[in-house]
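Please read the following note with the model open beside it. The points are numbered so that each can be checked separately.

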Amino acid sequence: MEHGDPKFPAFPYKPYSIQIDFMNALYDYLDKGGVSMLESPTGTGKTLSIICSALQWVLDRRLKEKSETMSKSENNIENDGQIGSQDEPDWMRDFVVSKVTRVEEKKCKKKKFRRGLEKLDRRKNCESSWDLCSRDLEESSRVEKECKRSGKKNDAVELDDEEFLLEEYESEEEGLSSPKLKRKGGIVSISSSSDEEEEDDSGEEEEGLKVYFCSRTHSQLSQFIKELKKTTFSKEINVVCLGARKNFCINEEVLKLGSSSRINERCSELQKIKKNKVSKVKDLGKEGRVRQTKASSGCPMLRKHRLQKQFRNYISQEGALDIEDLVQLGKGLGTCPYYGSRSMIPVADLVILPYQSLLSKSSRESLGLNLKNNIVIIDEAHNLADSLIGMYDAKITLSQLENVHSHIEKYFRRFCNLLGPGNRRYIQTLMVLTRAFLQVLNEKDVNYTSACQDSERGGGTKDIFDTSMAINDFLFSLNIDNINLFKLLQYVKESNIMHKVSGYGEKITSLKKDSATKENGESCEDGSTLSGFQTLVDMLLSLTNNDGDGRIIISRKRPACGQGGYLKYVMLTGEKIFSEIVNEAKAVVLAGGTLQPIEETRERLFPWLPTDQLHFFSCSHIVPRESILPIAVSRGPSGHSFDFSYSSRNSSTLIHELGLLLCNLATVVPEGIVVFFSSYEYERQVYDGWKASGILERIKKKKHIFREPRRNTDVEIILKEYKEIIDALSSGLKEDPVTQNGAILLAVVGGKISEGINFSDGMGRCIVMVGLPYPSPSDIELLERIKHIESLGGCSSTKRLTISVGDEYYGGDLQTGISILRSCRNRGKEYYENLCMKAVNQSIGRAIRHVNDYAAILLVDARYTSDASRSTHPTNKLPQWIKDCLVSKTNSYGEVHRLLHQFFKFNKTRRCQ
């Protein structure tokens with residue numbers, strides 16, 4: 001192994017000049033703090049450069065702080081009497097310094113000891129309180145039970161239903177300084193939670209300087225850890241990888257639930273279920289004895305805290321482990337890897353986590369992430385703004401609303417006479433809101449049949465009449481603007497109303513089910529009720545945002561099309577959300593293969609940041625020009641022009657011509673070809689067209705054909721089979737290489753393959769981009785974002801794009817979307833074009849992965865070859881390293897074929913030398 005750069009000794013190889021430049025730039029930006037954007041093409045060792053630069057900065061910073069601390073200690077000693085005088089011998093000065101160090105250590109130990117004593121005192125006080133009030137509690141409990149037994153039958157709570165009764169709730173209006181629960185006598189339990197004790201212990205760990213690294217997918221996080229293991233940092237620092245419960249859970253009963261939302265719900269429920277066991281019996285003398293219990297989690301994977309401790313110790317010893325490693329460790333020990341990894345956050349130097357966990361404020365609070373004066377690195381940040389605001393969207397369907405409203409009504413009817421005034425008022429408020437939401441989705445004044453027919457003629461993907469409204473207009477139109485949503489949300493959070501209503505609903509439903517239904521779909525409705533209630537709360541929370549922060553989409557039910565309705569809040573601005581991260585962290589780094597145009601990102605996420613305080617770095621690719629051949633292909637083998645615009649792409653002639661192109665490419669391109677389509681629907685249409693015309697069989701004679709499935713789990717299987725074909729050919733194990741010389745993978749822009757999969761060497765010798773993958777202009781949410789972005793930078797922050805059709809239009813109506821785009825003069829239109837080209841760049845960047853790699857890139861559409869002098873021309877938004885080598889115009893396909901033949905012949909010869 002060659003030595004790395006002296007400034008970055010952890011770099012496992014001799015770095016290229018652009019890698020040194022990247023690491024130096026990142027190191028300097030971390031020193032300066034603030035926001036920085038670093039752009040490095042995929043395949044240039046960006047991840048390794050980030051690791052070696054950022055973690056080296058952390059180590060250097062700690063050494064510097066330690067040196068300054070020691071220097072201050074020495075100065076204090078010198079200034080305190082004659083201790084530390086230069087006249088004293090070295091051994092005396094060293095002794096004094098070491099003594100000071102020992103004194104500091106003793107102070108720290110005393111501080112922790114006092115903290116432990118305080119905790120012990122708190123526990124003793126709790127026990128003393130129990131001694132004093134136990135008899136009163138028992139008496140009040142006895143009286144309460146007698147009152148219930150002697151009361152009217154309709155007002156009495158059956159023993160089986162008592163667990164679903166809410167505790168009394170008082171709000172500010174009832175004279176309290178803050179809302180709180182009033183606990184009833186006899187309900188207080190004397191038990192200690194092992195989970196809480198563990199949290200207290202872990203909370204005593206002092207947090208140091210941390211680096212938070214996040215990326216979009218779990219596969220990208222695994223790739224990061226794989227690169228980290230190549231460096232010495234993997235053993236020198238504490239590393240923890242976080243992820244979703246679904247990826248970590250090892251409880252088979254919970255995993256059977258399938259969906260992420262239901263797994264999250266069940267996991268949370270199990271944490272609230274405590275398995276009590278008697279830990280000791282306390283003698284109260286004449287008053288008798290009290291059994292004190294110790295509670296452990298209801299999940300079998302969390303009952304033994306000794307195993308959780310072993311889990312943490314193992315992580316500390318082994319170093320960097322990815323999610324798969326942590327899951328295997330958890331299975332081996334029989335303890336939960338999800339909570340085990342979370343408990344490592346306070347002592348970790350590097351925390352690796354997905355976007356949602358870092359960018360969502362509620363997720364940060366739930367995980368206990370402290371960004372204060374720490375480093376935040378966000379990788380794959382090319383679509384950061386859209387990803388960020390998408391996390392704050394909220395959606396509730398008509399069926400969810402009906403289910404939640406029905407369960408709340410049943411609960412209220414059952415417990416109405418037993419609930420206090422606070423509970424009654426807030427539950428009635430919830431019913432008012434759900435009833436209003438149902439009313440707006442069930443309006444009958446829309447011509448559903450004609451709307452369905454119109455949208456089918458338009459060819460859109462949505463068959464629902466959609467309405468867009470501002471928050472205040474929505475609240476006023478439903479006459480619910482006088483409801484204090486903040487107090488209501490606080491009530492929901494503190495009262496546990498969600499679980500009480502869902503639990504009671506589960507009981508009622510289970511009583512009505514026969515045994516066969518129980519076996520086939522146990523607790524299915526309960527899961528949907530609880531998740532539906534949570535989506536309702538999310539929607540209510542969204543309605544507390546500022547009026548201009550987002551829009552409400554009302555998508556009404558239309559039986560003629562078989563579509564259900566929904567309400568959705570679409571967040572439009574990420575400025576305030578991102579500022580919370582920037583204001584806390586010492587430095588925020590956005591990294592990616594293609595971050596241009598940076599002005600759009602700045603305007604949407606940090607417009608308040610002066611231009612001179614935004615640091616930007618960009619470098620070229622490490623591969624030589626002769627290793628890349630990008631060609632704009634305007635015509636096919638038959639001379640037919642390629643025009644994959646929305647109005648022309650369904651032509652059978654065009655689809656046939658694309659098939660002929662693939663037939664020719666299969667003969668000239670060795671090993672693997674990856675073809676990207678704009679959508680799954682269009683890929684299926686093209687595939688079916690080739691199959692009907694016989695072209696598919698012609699292609700299969702030369703190469704195997706694989707198709708990207710929609711399900712992520714199936715993608716791994718297809719990629720494995722595709723790779724095996726390529727590897728067999730590359731290693732010479734193919735029995736009949738003359739008949740078939742590789743494989744073709746049909747993929748989709750925006751799918752898993754286009755985002756996080758690397759097609760190095762033979763897996764991606766040629767990347768074919770079919771058309772320009774513009775998002776559908778009939779998407780109402782996209783149109784709302786375009787209108788918002790068009791208004792940015794104007795004379796008024798609240799000014800929105802005015803269009804002749806207003807804010808009501810048929811979802812799926814292409815012409816309405818096009819008219820909105822034509823109304824845009826600047827930012828909105830550019831944003832729409834950038835969405836397309838960012839997707840193109842992300843897809844074609846999958847090919848070149850290292851310095852010795854080579855690949856051809858074909859941009860198949862006449863629009864790539866039209867007048868490139870326009871600033872908005874698609875090729876002007878390509879990465880510089882591709883644009884510099886682009887063959888922008890060819891006279892015929894014959895010229896394209898000749899260029900490809902020469903390119904692969906040259907690189908094959910060069911590789912053999």
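**Notes on the predicted model**

1. The structure contains zero disulfides, a disulfide being a pair of cysteine sulfur atoms within 2.5 Å. Cys249 is in no disulfide, and the nearest cysteine sulfur, that of Cys267, is 6.6 Å away. Cys249 is buried at a relative accessible area of 18%, where buried means under 20% relative accessible area, exposed over 50% and partly exposed in between (1.4 Å probe, protein chains only). Cys766 also counts as buried, with 0% relative accessibility.

2. This is a predicted model in which local features need pLDDT of at least 70 and side-chain atom pairs count only at pLDDT 80 or more, while totals for chains, interfaces and linings use all residues. Residues are numbered from 1 along each chain as its sequence is written, and side-chain values use heavy atoms, with hydrogens and water left out.

3. The protein has 35 helices and 23 strands; these are DSSP runs numbered from the N terminus, helices being H or I with at least four residues and strands E with at least two. Of the 913 residues in the protein, 50% are buried. Among contacts (heavy atoms within 4.5 Å) with a separation of 6 or more, 77% are between residues 24 or more positions apart. The protein exposes about 44200 Å², 48% of which is supplied by carbon and sulfur atoms; the areas come from the Shrake-Rupley method with a 1.4 Å probe.

4. How do helix H10 and helix H11 pack? H10 (residues 305-318) and H11 (residues 323-333) pack at an angle of about 140 degrees, with their axes 10 Å apart. Axes are lines fitted to C-alpha atoms, for helices over the stretch in contact, and angles run from 0 to 180 degrees between N-to-C directions. The two helices are therefore oblique to each other, since angles under 35 degrees count as roughly parallel, over 145 as roughly antiparallel, 65 to 115 as roughly perpendicular and the rest as oblique. Leu307, Gln310, Phe311, Tyr314 and Ile315 in H10 meet Leu326, Leu329, Gly330 and Leu333 in H11.

5. Asp549 sits in the loop between helix H23 (524-542) and strand S13 (550-555). Asp549 is buried, at a relative accessible area of 10%. Not counting residues up to four places away in sequence, Asp549 touches Tyr569, Val570, Met571, Leu572, Thr573 and Lys576.

6. Thr611 belongs to the loop between helix H25 (598-605) and strand S16 (614-618). Thr611 is exposed, at a relative accessible area of 60%. Twelve residues apart along the chain, Thr611 and Glu599 have C-alpha atoms separated by 9.5 Å.
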